[in-house]
Amino acid sequence: MELPKKIESFKVDHDYITPGIYISRRDGDITTYDMRTRRPNMGEYMDNRTMHSLEHMFATFVRSSEIGDKVIYFGPMGCQTGFYLLVRDADDREVLDVVKKVLCQIIEYEGEVFGASHKECGNYENLDLGDAKRECRAYLEALEKTENTDFKYPMGE
């Protein structure tokens with residue numbers, strides 16, 4: 001049996017990834033952004049409730065933003081260290097600005113988690129705005145500190 005082709009995200013050396021935003025790949029007019037909220041394989045991972053809560057909040061706000069009509073997908077990484085944001089016809093700087101704006105919107109938001117009802121979500125009881133806000137604060141702080149201005153993954157020494 002021939003082994004399948006290695007996917008792009010497995011070709012990145014995860015030993016050097018730090019919190020930030022990276023271009024994972026470009027497929028025609030669609031850019032996949034790796035929104036890495038924490039270092040991989042360091043023992044600190046997002047719990048399901050945090051991922052789920054941030055997913056509901058971020059997806060709603062980003063689809064209501066100035067790039068909302070370009071957003072293809074937003075969702076968590078299975079490894080629990082970040083999220084993927086797929087955008088059509090992306091301007092990288094605009095996407096970064098919107099990501100920061102959305103993080104601020106979530107931090108400032110007071111109310112119920114979007115989609116937190118039995119009819120809207122398959123696990124609606126597993127949502128907590130405080131968890132989403134904590135994750136957003138930490139990620140926004142990391143984005144503000146990052147020196148990654150080209151959206152490229154860090155390389156090994």
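User: How should I read the relative accessible area of serine 24: is this residue buried or exposed?

Analyst: The general idea is a pair of cut-offs: buried means under 20% relative accessible area, exposed means over 50%, and partly exposed covers what lies in between, with a 1.4 Å probe and protein chains only. Serine 24 has a relative accessible area of 16%, so it is buried. Bear in mind that this is a predicted model, in which local features need pLDDT of at least 70, side-chain atom pairs count only at pLDDT 80 or more, and totals for chains, interfaces and linings use all residues. Residues are numbered from 1 along each chain as its sequence is written, and side-chain values use heavy atoms, with hydrogens and water left out.

User: In which element is serine 24 found, and which residues is it in contact with, leaving aside its neighbours within four places in sequence?

Analyst: Helices (H or I, at least four residues) and strands (E, at least two) are DSSP runs, numbered from the N terminus, and serine 24 is found in strand S1. Contact means heavy atoms within 4.5 Å; leaving aside neighbours within four places in sequence, serine 24 is in contact with Thr32, Asp34, Tyr84 and Tyr153.

User: Where does threonine 81 lie, and what polar contact do its side chain and that of arginine 36 make?

Analyst: Threonine 81 belongs to the loop between strand S3 (71-76) and strand S4 (82-88), and it counts as buried because its relative accessibility is 1%. A polar contact is a pair of N or O atoms within 3.5 Å; within protein, one must be able to donate a hydrogen and the other to accept it, and residues adjacent in sequence count only if both atoms are side-chain atoms. In this case the side chains of threonine 81 and arginine 36 are joined by a polar contact of 2.8 Å. Not counting residues up to four places away in sequence, threonine 81 touches Arg36 and other residues, including Met35, Thr37, Tyr45 and Met46.

User: How do I read a positive phi, and which value does glutamine 80 have?

Analyst: Most residues other than glycine have a negative phi. Glutamine 80, which is not a glycine, has a positive phi of about 65°; it is found in the loop between S3 and S4 and, at 29% relative accessibility, counts as partly exposed. Aspartate 89 also has a positive phi, near 50°; it sits in the loop between S4 and helix H2 (92-108) and counts as partly exposed at 48%.

User: What do leucine 96 and lysine 133 touch, not counting residues up to four places away in sequence?

Analyst: Leucine 96 is found in helix H2, counts as buried at 11% relative accessibility, and touches Ile21, Leu143 and Phe151. Lysine 133 lies in helix H3 (residues 129-145) and counts as buried at 8% relative accessibility; its contacts are with Ile106, Ile107, Glu108, Tyr109 and Glu110.
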